[in-house]
Amino acid sequence: MPKAQTRTLLREGDGGLVRRTTLPGGLRVITEQVPGVRSVAFGVWVNVGSRDETGSQMGSAHYLEHLLFKGTSRRSAMDISASIEACGGDLNAFTTKEYTCYYARVLDEDLPLAIDVVCDVVTDALIRTEDVEQERGVILEEIAMHEDDPTDAVHEDFASVMFGDTPLGRPVLGTIETISGISRRSINSFYRTKYRPEKMVVAAAGNLDHDTVVRQVRAAFAPVLDPTAEVAQPRPARRPGRHTAGVRVTKRPTEQAHLVLGVPGITRADGRRYALSVLSTALGGGMSSRLFQEIREKRGLAYSVYSYAQGYSDDGVFGVYVGCLPGKVDTVLDVCLTEMQRVADAGLSNEEIVRGKGQVRGATVLGQEDTGARMTRIAKSELHADPLLSIDDLLGRVDAVTADDIRDVAHDLLSAPTTLAVIGPFDETTTFNTIG
């Protein structure tokens, strides 16, 4: 039998140990041994998301996420959920534009069961016609629920304007039309061609032994491992697509207007991401942030306001969300644009930088107190071929951000023409007097 290849990737100062084994057939197993915990988070990460769909397949990746829990040759849907819940664990999945994850969180003694169940779900789903039809109604209800929540829908509208009719601009859930039209044959083909072990990363973090996890994963994947396959290459970096600056207004009889104002951002691997994280935090990342203070505390214009940065393999977005009364949208937009331009021209104050760095540092450390977060960190690093940095290294990179770094990235991003999406009781031809 071909030998697996194992490497130690990281030794944390608290005793944590990250190791990776690549099995014959390209499946990668990466674990982090976390001292002092009694739980384990285990996940199978598939390098397939909604941006891997064609237009007619829109929604397939998310549809498939539902179907994999409907049954395998060894387990019914009830068996799958009951087996994990009976031991107090949590079993779930999620789909993004670039990857899909199936995971469980269990007590350390129940890890063998979690490995068996999650791997069984991913490798041996039946994709029966009756399940496709039943779940079609569930997903249509999910789309309806999503559309009824303007705080979700406005972000989809924003992406649609920013990226146009491209994979990044399309909704992860698909549309009523595409979900209604997808056939069992199409979804099964998507599953058989996309869900290959060489495109997957198996990750676990908590109280575990790496060699034992590898042995159990290898046994669970044995029926589908192809010894001749090689590790799939990371998603190729491509030239960022065209971005559309403009306005989309969706008329809804809501009591509150919801808006997202943004510009093109940077890729996930861009070295400026540390400066951007400090910038985003200081601009709209908390109650002491500039936008929160200007919009909510000083003027009382809104209850919810925040900024965010999203990086993809070859593109990115920087945006600001605000929910406010419809009559205050113009004023809110004026404040947002004014503050964004001020930061683009002059950067942040020393006080804002210190405060922003402190918030990023705290979020980084506190976020790693959870085994699920640690599992996610090592999985995404491996899936995207990003260097796996220790927590101390990450904090060091945040500390190293200078005022000039922030000023440069702010100028590059915030000086660009803006894209705006608004949901509220407005005429859909409204352009708002502060955009244009």
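The model is predicted: local features need pLDDT of at least 70, side-chain atom pairs count only at pLDDT 80 or more, and totals for chains, interfaces and linings use all residues. Residues are numbered from 1 along each chain as its sequence is written, and side-chain values use heavy atoms, without hydrogens and water.

The chain holds 15 helices and twelve strands (DSSP runs of H or I, at least four residues, and of E, at least two, numbered from the N terminus). Its C-alpha trace spans about 65 × 50 × 40 Å along the principal axes. Buried residues account for 52% of the 436 residues (buried, under 20% relative accessible area; exposed, over 50%; partly exposed, in between; 1.4 Å probe, protein chains only). Of the contacts between residues at least 6 apart in sequence, 79% join residues at least 24 apart (contact, heavy atoms within 4.5 Å).

Eleven aromatic pairs were counted (rings of Phe, Tyr and Trp, the last by its six-membered ring, with centres within 6.5 Å; stacked under 30 degrees between planes, edge-to-face over 60, tilted for the rest). Phe94 and Tyr103 form a tilted pair, at 6.2 Å centre to centre and 55 degrees between the planes. Phe94 is partly exposed, at 31% relative accessibility. Tyr103 is buried, at 18%. Phe163 and Tyr312 pair edge-to-face, because their planes stand at 75 degrees, with centres 6.4 Å apart. Phe163 lies in helix H5 (residues 150-163) and Tyr312 in the loop between strands E10 (302-311) and E11 (316-324), so the pair ties together parts 149 residues apart in sequence. Both Phe163 and Tyr312 are buried. Ring pairs also link Trp45, Phe94, Tyr99 and Tyr103 into a cluster.
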